[in-house]
Amino acid sequence: MKLEDFPKEIQPFVIPKQKGAEMVYRCLGCDAEYGIEKLLYTCPACGEVLLIYDNNFERLKKISGKVWHRIFDYRKMLKMPALRGIYLYHEFIGPVIPLSSVIWLGEGHTPLVQANEIMQEKADVKFYFKNDGQNPSASFKDRGMASALSYINFLVQKGLVSDVLAVCASTGDTSASAALYASYLKPHVKSAVLLPHKKVTPQQLSQPLGSGATVFEIPGVFDDCMKVVEALAENYNVALLNSKNAWRILGQESYSYEIAQDFEYEMQNKVVMVPIGNAGNITAVMSGFLKFHEVGIISKLPKIIGVQSEHANPVYLYYREKDPKKRKFEPVTVQPSCAQAAMIGNPVSMPRVIHLADMYNRRAGKQRVFFVQVTEQAIMDWQLTANQNGHIACTHGGECLAGLVEARKQGIVREDEEVVLDSTAHALKFSGFQEMYFENKFPAEYGISPKPELVNAPTLMRPDDLEKVPAPGKPLEGEDFRLFVKRTSEEIAKALDLKKV
Ligand SMILES: *Cc1c(COP(=O)(O)O)cnc(C)c1O
Ligand SMILES: [Zn+2]
């Protein structure tokens, strides 16, 4: 829709203005604030992680929640590329970023797909998958990258930086996304990614290679790669694109804003379930709902449940202690997990989680943030079950569904609630785990054995009585071909128990 066709009273708000925002990095350790003219990842004074705040956030409260609903809903009808992705919520994500610096590669506004009756019965509650695997690099990481790279583009355009080398450590999806977005900003931005050797899937490895990034494989697990990247960011002139970079968090808040909008801003009885790895995503999800709540765009905070595998569960273990004063964070040594993108023992965003979960619960006046853990077996079983019922969930989506079943069992989720599960990536990225399940080839450390009813395999149909069958480059002709078609179709009909017409 064209701007002049919008209702008169909404027109002045449809295109966001850069005026008024005062964005700063704020340290979660010592509260120090720093300007955003340069890239900063940790507090120069105390070394703690940062979040970005708008010191003039109050101005957004001058517009009522009802008017915000109309602004976002009308904005969705605009065809301006800069406002078609995460920056539909520009005022809440990056109000200082001019629309001319925004990069949109198709990310955001991923579908919320309601589970069918069979699945709702199995889970004993109404639920949806939000398919973040339908983002351009096939994971939710594109939300944060769109924000981080739009910000870098802004710095490039202002002449504050040039020849940027963007680096990240990755369990696979961060590097796929970073390489994609960086390649769009050629020649001003180049990217290098560090991956744990043999701990990303072949599909994930193909992505940064395909985008033209420099790819390094490092021995060990993600936590080891992360330390190397941190050393690079501390000692050399590079732009760090891990979620330690607070701009990533801002972009990922769009996930919460979309959920609010998709439910007409009614968050009563809603539950949002997310897998936790480096804990950037759950940080962003909490932060997003808190901001919308503060401005009155939503009047209730949804329940948030973080889920981890038993094989990489430091956040779960921290919160298992009920007394906040007795809680003590301990990194864990991870074991192989089919939720491989979340196989992280020392999450960088843990201080953010502690800070925001506490604030979230206080704002709600009761506990609204919960954590559960699930087995590797449950992750695979639920992923395959979901996908046999119309979904395209990755293993982490399966982890969410397994987490939902666990949360129902524990009474954390009630029957009358509606649950949004985050399928953080596309199933195809993790098809190797499905293959290991179907072929019963999981190494023992995973502790996964296939359930026969979930296993699927192709059947080679070659009737024994056929002398000749076609081969590539060697087609059959005449009677041979007729016989091949007849016998093969007969055998398939027999296998499927088909009735003759
Ligand atoms: C990165 C990632 C996660 C974990 O998200 P964090 O922000 O690191 O907690 C989960 N699933 C997929 C598919 C991912 O790529
Ligand atoms: Zn500090």
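Which strands does helix H6 (residues 173-184) lie across? Keep that in mind as you go through these close-ups of a predicted model.

**View 1. Helix H6 sits across two strands.** Here's the reply to the opening question: H6 lies across S6 and S7, the latter being residues 189-196. Compare directions and you'll find H6 running at about 170 degrees to S7.

**View 2. Four strands line up in an open sheet.** Read across the sheet and the order goes S8-S7-S6-S9, with parallel pairing. At the edges sit S8 (214-218) and S9 (239-240), and each of these pairs on one side only. What holds neighbours like this together? Strands of a sheet pair through backbone hydrogen bonds, either parallel or antiparallel.

**View 3. Zooming in on S6 and S9.** Strand S6 covers residues 164-169, and its parallel pairing with S9 runs over 2 bridges.

**View 4. Helix H6 meets helix H7.** H7 spans residues 202-210, and its axis comes within 8 Å of the H6 axis, the two crossing at roughly 20 degrees. Angles under 35 degrees count as roughly parallel, so that crossing makes H6 roughly parallel to H7. As for handedness, H6 passes H7 in a left-handed crossing.

**View 5. Who touches whom between H6 and H7.** On the H6 side, the contact uses Asp-173, Ser-175, Ala-176 and Ala-179. H7 brings Gln-204, Gln-207 and Pro-208 to the contact. Sort the residues of this H6 and H7 contact by type and you get 3 nonpolar, 3 polar and 1 charged.

Methods: Residues numbered from 1 in each chain as written. Chains lettered and ligands numbered in written order. Predicted model: local features only at pLDDT ≥ 70, side-chain atom pairs only at ≥ 80, totals over all residues. Heavy atoms only, no water. Pairing = 2+ DSSP bridges. Contact = heavy atoms within 4.5 Å. Axes fitted to C-alpha atoms, helices over the stretch in contact; angles between N-to-C directions. Parallel < 35°, antiparallel > 145°, perpendicular 65-115°, else oblique. Left-handed = near helix turned anticlockwise from the far one by under 90°. Nonpolar A, V, L, I, M, F, W, Y, C, P; charged D, E, K, R; others polar.
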